[in-house]
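Subject: Handing over the model

Hi,

Here is the structure I promised to pass on to you.

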Amino acid sequence: MNTVQAGELPSAALLNKYRQAGAFTDCYFVDVPHRISQAEYVEAFYTTPLFKVERCLLALFVRRHSSDLQARQLANGELDHFAAWRVEGRTVDQLLLCDFVGKTRSWLMSVAVEVGGARHTRLYFGSAVVPKRSGDSQEKAAFGFAFHALSGFHAVYSRALLRAARSRINDAVMR
């Protein structure tokens, strides 16, 4: 399976607690035809040319600078803050980041899978958007205009980020 697909969150996903609490969550995945570590995946994801554009915008508009070295340190568990995010959760095969205002989460997971008798790695990427709530705990959660206006872009961008990470990983393996 070489194409990015939308799917359900795996049962062990760190992002599940937000889905269960009523947040919007999504999940995309793609398989790469070799075994890679979670650290390799995280570093590849955050150092793609596409993600560097986002990093540049974060530096420009919210003064949250980051570098490829910091992406590597994040990937290796040596850093708990990266660009506009802080580490909220980390396991051997997952990374959950929270943005600096606490409204969104980004999640990466890598899992060894067998496809057609060959060893592959399934790369997951997902997000959570925490809804706005009033003081009344009985009131239904609301997501606001920006969420609805940007949801189509977010889906396209999420797939593009995962494709870019897959390409970066495949290029590194071919060297």
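**A surface patch and its helix**

Leu-60 is found in helix α3; helices here are DSSP runs of H or I with at least four residues, strands are runs of E with at least two, and both are numbered from the N terminus. This is a predicted model, so local features need pLDDT of at least 70 and side-chain atom pairs count only at pLDDT 80 or more, while totals for chains, interfaces and linings use all residues. Residues are numbered from 1 along each chain as its sequence is written, and side-chain values use heavy atoms, with hydrogens and water left out.

With a relative accessible area of 58%, Leu-60 is exposed (exposed is over 50%, buried under 20%, partly exposed in between, with a 1.4 Å probe and protein chains only).

**The overall layout**

The protein chain has five helices and seven strands, in the order β-α-β-α-α-α-β-β-β-β-β-α from the N terminus. Of its 175 residues, 43% count as buried. Among contacts (heavy atoms within 4.5 Å) with a separation of 6 or more, 60% are between residues 24 or more positions apart. The accessible surface comes to about 9,500 Å², and 56% of that belongs to carbon and sulfur atoms; these areas come from the Shrake-Rupley method with a 1.4 Å probe, and for residues only the protein chains shown count as cover.

**What is packed inside**

In soluble globular proteins, nonpolar side chains tend to be buried together. I used a simple rule for cores: buried Ala, Val, Leu, Ile, Met, Phe, Trp, Tyr and Cys residues joined through side-chain atoms within 4.5 Å. The largest nonpolar core has 30 residues, and Tyr-41, Phe-45 and Tyr-46 have the most contacts inside it. Elements that each supply at least two residues of this core include β2 (24–32), α2 (38–46), β7 (118–129) and α5 (144–174). A second, separate core has 12 residues, among them Cys-27, Trp-107, Tyr-124 and Ala-128.

Which residues does Phe-45 touch, leaving aside its neighbours within four places in sequence? They are Phe-51, Leu-108, Phe-125, Leu-161, Leu-162 and Ala-165.

**Aromatic rings**

The whole structure holds 10 aromatic pairs. Rings of Phe, Tyr and Trp (its six-membered ring) pair if their centres lie within 6.5 Å; planes under 30 degrees apart are stacked, over 60 edge-to-face, and the rest tilted. Phe-29 and Tyr-124 form a tilted pair, 5.9 Å centre to centre with 50 degrees between the planes. That pair links strand β2, where Phe-29 sits, to strand β7, which holds Tyr-124, 95 residues apart. Phe-29 counts as buried at 12% relative accessibility, and Tyr-124 counts as buried at 11%.

Tyr-46 and Phe-51 make an edge-to-face pair at 4.8 Å and 80 degrees, and both are buried. One aromatic cluster takes in Tyr-41, Phe-45, Tyr-46, Phe-51, Phe-82, Trp-85 and Phe-125.

**Charged pairs**

Side chains of opposite charge can pair when their charged atoms come close. A salt bridge here is a side-chain nitrogen of Lys or Arg within 4 Å of a carboxyl oxygen of Asp or Glu, and the count comes to seven.

Glu-88 forms a salt bridge with Lys-17, with the closest N and O atoms 3.3 Å apart; this pair links strand β4 to helix α1 across 71 residues. Glu-88 also meets Arg-105 in a salt bridge of 2.7 Å, N to O, and Arg-105 belongs to strand β6. Arg-105 is buried, at 8% relative accessible area. Shared partners join Lys-17, Glu-88 and Arg-105 into one network.

Back in helix α3, Arg-55 forms a salt bridge with Asp-68 of helix α4, the closest N and O atoms being 2.9 Å apart. Arg-55 is buried at 8%, whereas Asp-68 is partly exposed at 26%. Asp-68 is also in contact with Thr-47 and Lys-52.

Enjoy exploring it!
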